[in-house]
Amino acid sequence: MKALTLLPLAVAATAFVIPDEQTMNSLSLDYQETPARSLFDKIPSAEEAWQELDEVVSEAAGCAKHVFDEAVDHTFTAAVKFGEKFEDALAGEAWLQSAHYDLDLFTTQGENEDHPPHHGPPPHPGPPPHPGPPHRGPPHHRKPHHPPHHHKPNLTLYELISKSKYTTKAAKLIDEFPEIVKALNSTAHNYTIFVPTDRAFKKIPKHAPKPSKKMLKAFLEYHASKEFFPARRVLASTTIPTALKDEAIGGFPQRLSTQVGLRGLTINFYSRVVAVNIFGTNGVIHGIDSILLPPPKVVDILSALPGEFSTLELALVKTGLYPEFNDTSSHVGGTLFAPSNSAFRKLGPRINAFLFSKYGVRYLKALILYHAAPNFTLYSDAHYAPERQVSIPRRRFHVDLETGLKGKSLSVDVARFGRLVDIRINGFNHVSIRDGIAKDGVIQVVPSVLIPPKTPGVFEESSDELTVEELKERLEPHVEEDYNMEL
């Protein structure tokens, strides 16, 4: 049982990788020397990559003949081509995200997503034919290696999974739940299923005990979405709602985060998509090489990554906030703008020595509470507020999040253009790593510690030369005078 309990934390520790300070510094740009709009103009490869992806997806889905086995056999070649075409675009995205650019950069018309009807089979079961020029860019005249097939699928998602030689273990697991079998044979929704291949199951420790029935059902629900996400919509989305609803976030769907890197398309930082767009009569299947584990709590993720968050974890312990953060009944979801270890180092040795001393620990508590927004779970493309769920639109989105520091809120702006997302706090502070999915909320990593402004509503760029006295002046109005703690 211990091995099974540690498995989600091991996944988090190996998957949620944060660039070190030297890497981040090497990517940083001087806004005065390199205006953001000119930066954006320098990545035309992104549009070309989207065009090439159309062809890659057509080849992968076409050669598969809508059967999972052949899709896996042929998709590895497509994945290599996918990575090659996106490499330049990704480099441009990394530079953009590390630059200081204006939010109105994203006022351009965004990409169109696929929106099928809510019920019944998708209107276009296979990749659409291209008799004329494609939607973006000049037409490509070279002949695909595997010409696409456009015949209508005649198998349900369950039938596709159960008949495939690559998904025998997933099919056996699904068979234990008649209600899930019924759903995957139903046309009530256009489902999206991320199906682990048999190789994915081999990653489970050999002597790990079988999870409970309740846990197995949660595993399966976390691999499915009641919304239709073909490959292009997956690529356009930074998070995806699943069929797993969690009371720890207000009964809203737990989400998957998506990444595009040199490994291709990955889910939750670690599970690689190895087959795409296997269409059934009631949705679409994507094959993955690792089982998706429902996420652990925020504090467990911090504990699993001491190389990045040991200072923050120590702050939670010293201030007595750890039990409160660990208790999912004390808040319904939440967003933690988590300063990395390097963020604390930027404050300098004097401020850190003060904050972690018995004289400064009450100031440290106020500082940590300023980074947490309980009951408001802000992903890069969705916002869970009490009793309501909001989809974050393309271009610009603004929200003021109430923090754990009474009377103080964080001003958050989200700018989106396709997969390019910039989350900015108090006008100047950028999120460096976004959408660390947790059971009880989300972690947004910040490269600098957030300091309350001198004047409410008037935000200033963070200064590396803040003194202890200046920090005390900023936090003094929010420090608990009766703060008693055993030291």
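**View A. The largest nonpolar core.** Four residues touch the most other members of this core: Phe337, Leu355, Ile368 and Val412. The core holds 58 residues. Helix 17, residues 361–369, gives the most to it, with six residues. A second core is separate and has 51 residues. Among its members are Leu157, Tyr191, Phe201 and Val273. The model shown here and in every view below is predicted.

**View B. The whole chain, for orientation.** The chain contains 18 helices and 18 strands. It has 487 residues, and 55% of them count as buried. Its accessible surface is about 22,800 Å². Carbon and sulfur atoms account for 54% of that surface. Take the contacts between residues at least 6 apart in sequence: 71% of them join residues at least 24 apart.

**View C. Valine 412 and its surroundings.** Val412 is one of the residues that touch the most other members of the largest nonpolar core. Neighbours within four places in sequence are left aside here. Beyond them, valine 412 is in contact with Phe337, Leu378, Phe397, His398, Val399, Leu401, Ile423 and Arg424. Its bridge partner in strand 15 is isoleucine 425.

View D. Strand 15 covers residues 420–425. Six of its six residues are buried, so the strand is largely enclosed by the rest of the structure. Leu420, Asp422 and Arg424 point one way. Val421, Ile423 and Ile425 point the other way. In a regular strand the side chains alternate between the two faces of the sheet.

Strand 14, residues 409–417, runs antiparallel to strand 15, and six bridges join them. Two residues lie between these strands in their hairpin. There, glycine 418 takes a positive phi near 60 degrees. Strand 15 also pairs with strand 16, residues 429–430, in the antiparallel sense over two bridges. Isoleucine 425 stands opposite asparagine 429 of strand 16. This second hairpin has three residues between its strands. In it, asparagine 426 takes a positive phi near 55 degrees.

**View E. Strand 8 between two partners.** Strand 8 spans residues 334–339. Six of its six residues are buried, so the strand is largely enclosed by the rest of the structure. Both faces are covered. Gly334, Leu336 and Ala338 lie on one side. Thr335, Phe337 and Pro339 lie on the other.

Strands of a sheet pair through backbone hydrogen bonds, either parallel or antiparallel. Strand 8 pairs with strand 9, residues 372–374, in the antiparallel sense over three bridges. It runs parallel to strand 18, residues 441–446, and five bridges join those two. Threonine 335 has a bridge partner in strand 9, alanine 373. Threonine 335 has valine 442 as its bridge partner in strand 18.

View F. Inside the order, strand 6 (residues 271–280) and strand 7 run antiparallel, joined by five bridges. Valine 273 has isoleucine 288 of strand 7 as its bridge partner. Val273 is also a member of the core of 51 residues.

**View G. Helix 8 and its two sides.** Helix 8 covers residues 178–185, and its buried residues are Ile180, Val181 and Leu184. Seen down the helix axis, they fall within an arc of 105 degrees, so they line one face of the helix. The face turned away from this buried side carries exposed Pro178 and Lys182. What covers the buried residues? The cover includes helix 6 (157–163), helix 7 (168–174), strand 1 (191–196) and helix 10 (213–222).

**View H. Proline 295 in its loop.** Proline 295 is found in the loop between strand 7 (283–288) and helix 12 (298–304). Is proline 295 buried or exposed? Its relative accessible area is 12%, so proline 295 is buried. Leaving aside neighbours within four places in sequence, it is in contact with Tyr222, Gln254, Ile437, Ala438 and Lys439. Proline 295 and glutamine 254 are 41 residues apart in sequence. Their C-alpha atoms are 8.6 Å apart in space.

How values were computed: Residues numbered from 1 in each chain as written. Predicted model: local features only at pLDDT ≥ 70, side-chain atom pairs only at ≥ 80, totals over all residues. Heavy atoms only, no water. Buried < 20%, exposed > 50% of the residue type's maximum accessible area, 1.4 Å probe, protein only. Helix = DSSP H or I, 4+ residues; strand = E, 2+ residues; numbered from the N terminus. Arc of directions from axis to C-beta. Contact = heavy atoms within 4.5 Å. Core = buried A, V, L, I, M, F, W, Y, C linked by side-chain atoms within 4.5 Å. Areas by Shrake-Rupley, 256 points an atom, 1.4 Å probe, with all protein chains shown as cover. Pairing = 2+ DSSP bridges.
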